[in-house]
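Me: I would like to go through the terms used for this structure one at a time, and to see how each value stands against its definition.

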Amino acid sequence: MRRMRIRLDPWPVDTNGGQLGLQSFDGTLDDLETERWVALPARPIPERLRQVFVVDGKRRMESRLFIEDDFGQSGLGGFGAFVVGAVELCPHGSRQAELREVKAARLLAHAPDLRLDPMTLSPRNPHTGQLEYTPVAMQGTDALAALNLLQGQMLAAEQRLSHALASRVPADEQDDREWLSALTVQDGTLRGQNLDGAVVGCVKTMETMYLPPDRAALLAELRPGERTPVMRMTYRNGQFTRLIWYVRLCEAAFYQHPMAGVMRLEMFAPDDPSFLPPIVRQVANLSGTLLTRLGSRAHKDPRAPQNLIPTAALEQAMGRSMGSADLVTRRIRAHIASLHPQAVA
Amino acid sequence: MVLGTQDVTPVSFWFAVLPGASVQLDDLVAVETRKPDGSAVNFYGIVDHVRTRHEGVTFDSDVQDVAAGLLPASVSYAARVLVTRVQPENFIPPQPGDAVRHARGNDLRMALSADKMGDKAFPGGLLADGQVLPINYRFVNGENGGHINISGISGVATKTSYALFLLHSIFRSGMMGVGAAAGRALIFNVKGEDLLFLDQRNREVITREAEAQAQKGLPDHRYALMGLPVEAFRDVQFLAPPRPGHPGAAIVPHVEQRSEGVTPFLYSLREFCARRMLPYVFVDRDASVNLGFVIGSIEERLYRMAQGGDTPYLTVDDWQPDTEQVLDEDMRFDEMGSVRIGTFAQLAAYLEYKLLDANDGEGDRKWVGKQSPATLQAFIRRLRGVQKHLTPLVRGDVSAEQVARFRPDPLKAGVQTTVVDIHTLSATAQMFIVGVLLRDLFEYKERVGRQDTVFVVLDELNKYAPRDGDSPIKDVLLDIAERGRSLGIILIGAQQTASEVERRIVSNAAIRVVGRLDLAEAERPEYRFLPQSFRARAGILQPGTMLVSQPDVPNPVLVNYPFPAWATRKDEVDDLGGREVAEVGEDWLR
């Protein structure tokens, strides 16, 4: 008689959807690297790869506003902040990891027909710096528009930073621009269009099962560092095209779902559907070695190992650079109070 | 920069050390902060705590990831400052973000209150970074305060070395101006014959100072940095007790290592009585109240007996000792029919007769008073106990001329430093000598006033002035501690444990110095002037390093002081006079 078996979803219960609420994928998936569906071993990291950047972003809505401008127009808006940043590290462990470009930007999102000047919120104590909000017009006027604007701005900034730091990926076989010397690991799926950078997106949460059932079994069999072959994935509407593969970062504990510790990686696909850029193959080869090293430990991070060690540190640094939410809210209130002296008196 | 994550107060604050800079314990620092009206307030202080840690990481094991280059973290290097001075005295806190700088030049003078000392400062050693610690002489010579107290474990704390260094610094820094010759020192040598070579140059000082200079990266050797000459003590007289021997034997100093330049010292029996030295023989006069009365009345009797004569010995006519008195050829006419008391043993025998034996065991009524025989026996027992030790020191069998020649006189003309060697004496005899010499000095200074400052260097204060109990020596030391500074007697006292010394003596010292301490000792209330971090550190201080606390600077300062320029052992004596061996050899061959 078969006994009942229960396995744990590896992620904490308050994470939306969990890791293993798998939906099926209705786009197309083509073999690109090889047609043999087997686990490929991790390869050592080539000497020539000197820099790895781990990029992430974070945003925060600070206040929702109702604004009346100097010209009699009124509408919704919001104060918000976002920050993108990178950790630079040496994949060979010969340098200290460093935080790069972690600096908050502040936005005053507003309804499209308002005319506003940049706003500076000065503190009472001159030692503690000023907050400067740049006005940006929102798309649409609904309640979530300000948040969407903030999110869009953050993703765009993240994308720009990732690609600015990474080596170039050739677009076709004639294009032989450079070796892989700088790689960017970006948190989450890739968005927007291909900007040619050697940027690999790490998707922590498996929400959609892109593989057909007969192939999915391999994911449970992967050993730490091993990966699947690279495939070309196209959404049904044909809009996004990515090169994807799976890699295992650590052994799943016996009580966990067998796919715990498996992560999907993606890179931008070139226009030529049959071209696998050598840099992408290199990145796929070294991804197991690199990510098993960067993977965090369960007792330090509930989303281990997928939430990488540098990412966790970066998130902390980014939160810090936005400043304490309580203090910012208080500053905003004090600023508004100073605009209405009669209310305070 | 002053940290904002820790409390910033006017008396203590933390600051972050920027990359490339470094700060160590005991560094002096300065901070300037501005009040809202724009006026500046300066804080000066001493670093009493330094630490580094990884910032931005949560787990101890993260250090591996940081070292492997995976986890970005910064090293936070911070130090805590105890503020020693706020100028002007506006006790506002510095602001987080205010720049902290090393105190040098004028900042250093302000940090150590050297501006208040003016020209009355003398070097007390070198700070950790090679700068000179000034000590305010006004707090030494009795003007504002006086006395120096040094505590530390024997052998490691080198208390005597530091006391001598301070004397050298006081005498030779030029701070006293032309009056330098007016300062005198009376040093009691209680251990070995270490101090009997103070007037000889140390042959190792040049090499040892060169080593220290190289090791600490100083620009010059330490004497030069402090502006002190590298030379031995000048104008020193050495006094030592006479070697015990038969009465009438030659009077030679009881020292082994030094063959010349040491003068023996002794007192005549008549002086012993006339100058009321008897109480100093008894260290435990509080053993019973009655014993104190007996001592007092006998002291008075002896005093009266000694009047009217000028011989070193005493004569009595109411006593027939057991042994035959040999008739002396130079016996004087007025002594015919009397018995001469020529040794301390005879004096003891005479007293025994008067108190116990005379009158068929009743004792001489006038002498005995109403005391019980038990008390009288206790008195005699004690006197007999010290008889052996005092016989060479208190004698009647010498000529009056010898008494004058060998009388100890620390204030002799032409002598600046007097070393009294008492290490060969028994504890009782040591107490006797210290007590009598200090009493004489005190009485002399009471008559002439304070113009000559006399520094008294005395180790093992806990023996002479213990916290519990009462003794005439302790009374003298208390007198010196409490009134001596106005008379120009300055006590440079030292002991292993300040907790065992009479509290009023330690608390009267304006300058307190601590070397290596036993950690349990360091927690006692006597060391409350040390902040907690200094108390913990007092357990690991190396020889040559001292914590110095003075009234002008509210926190103690760690100093190191140079290797002695004077010999502290016979084999350190520089008998070549600083010249090369070959050079001296040539002189001989000529």
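Me: What makes strands β3 and β8 of chain A partners?
Reply: Five bridges join β3 (residues 51-68) to β8 (residues 182-187) in chain A, and two strands pair if DSSP finds at least two bridges between them, so β3(A) and β8(A), which run parallel, count as paired. Within this pair, Phe53(A) stands opposite Thr184(A) of β8(A). The strands and helices named here are DSSP runs numbered from the N terminus (E, at least two residues, for strands; H or I, at least four, for helices).

The model is predicted: local features need pLDDT of at least 70 and side-chain atom pairs count only at pLDDT 80 or more, while totals for chains, interfaces and linings use all residues. Residues are numbered from 1 along each chain as its sequence is written, chains are lettered from A and ligands numbered from 1 in the order in which they are written, and side-chain values use heavy atoms, with hydrogens and water left out.

Me: How do you know that helix α4 of chain A packs on the sheet, and what angle does its direction make with that of β3(A)?
Reply: Helix α4 (residues 309-322) touches β3, β4, β5 (98-110) and β8 of chain A, where contact means heavy atoms within 4.5 Å. Its direction makes about 30° with that of β3(A), on axes that are lines fitted to C-alpha atoms, for helices over the stretch in contact, with angles from 0 to 180 degrees between N-to-C directions.

Me: Why is Thr9(B) called partly exposed?
Reply: Its relative accessibility is 26%, and buried means under 20% relative accessible area, exposed over 50%, and partly exposed in between (1.4 Å probe, protein chains only), so Thr9(B) falls in the middle class. Thr9(B) lies in the segment before β1 (12-16) of chain B and touches Pro93(B) and Pro94(B), not counting residues up to four places away in sequence.

Me: Which residues of helix α2 of chain A are buried, and why are they said to be on the same side?
Reply: In α2 (residues 213-221), Arg215(A), Ala216(A), Leu218(A) and Leu219(A) are buried. They cover an arc of only 140° around the axis, which puts them on the same side of α2(A), the arc being that of the directions from the helix axis to the C-beta atoms. The face turned away from this buried side carries the exposed residues Pro213(A), Asp214(A) and Glu221(A), whereas the cover over the buried residues includes β2, β10 (208-209), β11 (231-234), β12 and β13 of chain A.
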